[in-house]
Amino acid sequence: MKKWGLGLMALLMMLQAVPAAASGKDAVILKGKQAGEEKIQVQCYTEMGKEITNGKLRLLYDEKKVKLVSSTEGDALEGGMCEINDCLTGNKKEGELVAAFASSENLKEKGNLLCVEFELQEGVEKNEEIAFQLKPEKLSGNNGEIQADNVKLDFIVGKTEEQISNKAEEEKKEEEKKEDDKKNNTSDKDKSSSGSKKSGKV
């Protein structure tokens, strides 16, 4: 696949003229893995390729902890067009990368939309956490627009196994739910205590 300019933008405009329809919260996820001691590979992965023809991916990263080394389109975009804007091309500041893609046909069902490699900044140590956030924008296909949630990958430096954004998000939601339950329980106890005091007055 080649990186195109005006041709890609024209195709995006044509393909985006579709009504909102499909919903795919897990349309795109982030995968990360350690590549040696100093590098991290991050992929924007989908298992809904057959429902997607075009869209835009905005990847945010902590430029104080990682330095962008390379960014390329993934195997799921074979046969389509992709344009990547980042600090390497000079079109974006460090910390942000935007990839716009379009295809006249549905994409490969499972595969990477975007592959990015980072180098650890000096001073970043093992077990340190690095935040990556992916914002899918204007994803759509032949059946309409696809509403996809933003996902976040809290990558832990030094872990040998693959790390996936959805797992981190689910854990955070569970923690938030527990905190909300604690607050609700505390609030209920306070109300109960207040009611008891009032009822004791003559």
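The model is predicted, so local features need pLDDT of at least 70 and side-chain atom pairs count only at pLDDT 80 or more, while totals for chains, interfaces and linings use all residues. Residues are numbered from 1 along each chain as its sequence is written, and side-chain values use heavy atoms, with hydrogens and water left out.

Start with the build. The protein chain holds two helices and 12 strands. Here helices (H or I, at least four residues) and strands (E, at least two) are DSSP runs, numbered from the N terminus. The order of elements from the N terminus is α-β-β-β-β-β-β-β-β-β-β-β-β-α. Of contacts between residues at least 6 apart in sequence, 74% join residues at least 24 apart. A contact means heavy atoms within 4.5 Å.

Next, the sheet. Five strands make an open sheet, in the order S5-S8-S3-S2-S12, with antiparallel pairing. Two strands pair if DSSP finds at least two bridges between them. S5 and strand S12 (163-164) are the edge strands, each pairing on one side only. S5 and S8 run antiparallel and are joined by seven bridges. Val 66 stands opposite Leu 120 in S8.

Now look inside. Of the 202 residues in the protein chain, 39% are buried. Buried means under 20% relative accessible area, exposed over 50%, and partly exposed in between (1.4 Å probe, protein chains only). The largest nonpolar core has 36 residues, and Leu 30, Phe 118 and Phe 132 touch the most other members. Such a core is a set of buried Ala, Val, Leu, Ile, Met, Phe, Trp, Tyr and Cys residues joined through side-chain atoms within 4.5 Å. Elements that give two or more residues to this core include strand S3 (39-46), strand S4 (54-61) and strand S9 (129-141). S8 gives the most, with five residues. Leaving aside neighbours within four places in sequence, Leu 30 is in contact with residues including Val 42, Leu 59, Phe 132 and Leu 153.

Finally, turn to Arg 58, in strand S4. Is Arg 58 buried or exposed? Arg 58 counts as buried because its relative accessibility is 18%. The Arg 58 side chain makes a polar contact with the side chain of Glu 96 (2.5 Å). Another polar contact joins the side chains of Arg 58 and Glu 137 (2.7 Å). A polar contact is a pair of N or O atoms within 3.5 Å; within protein, one must be able to donate a hydrogen and the other to accept it, and residues adjacent in sequence count only if both atoms are side-chain atoms.
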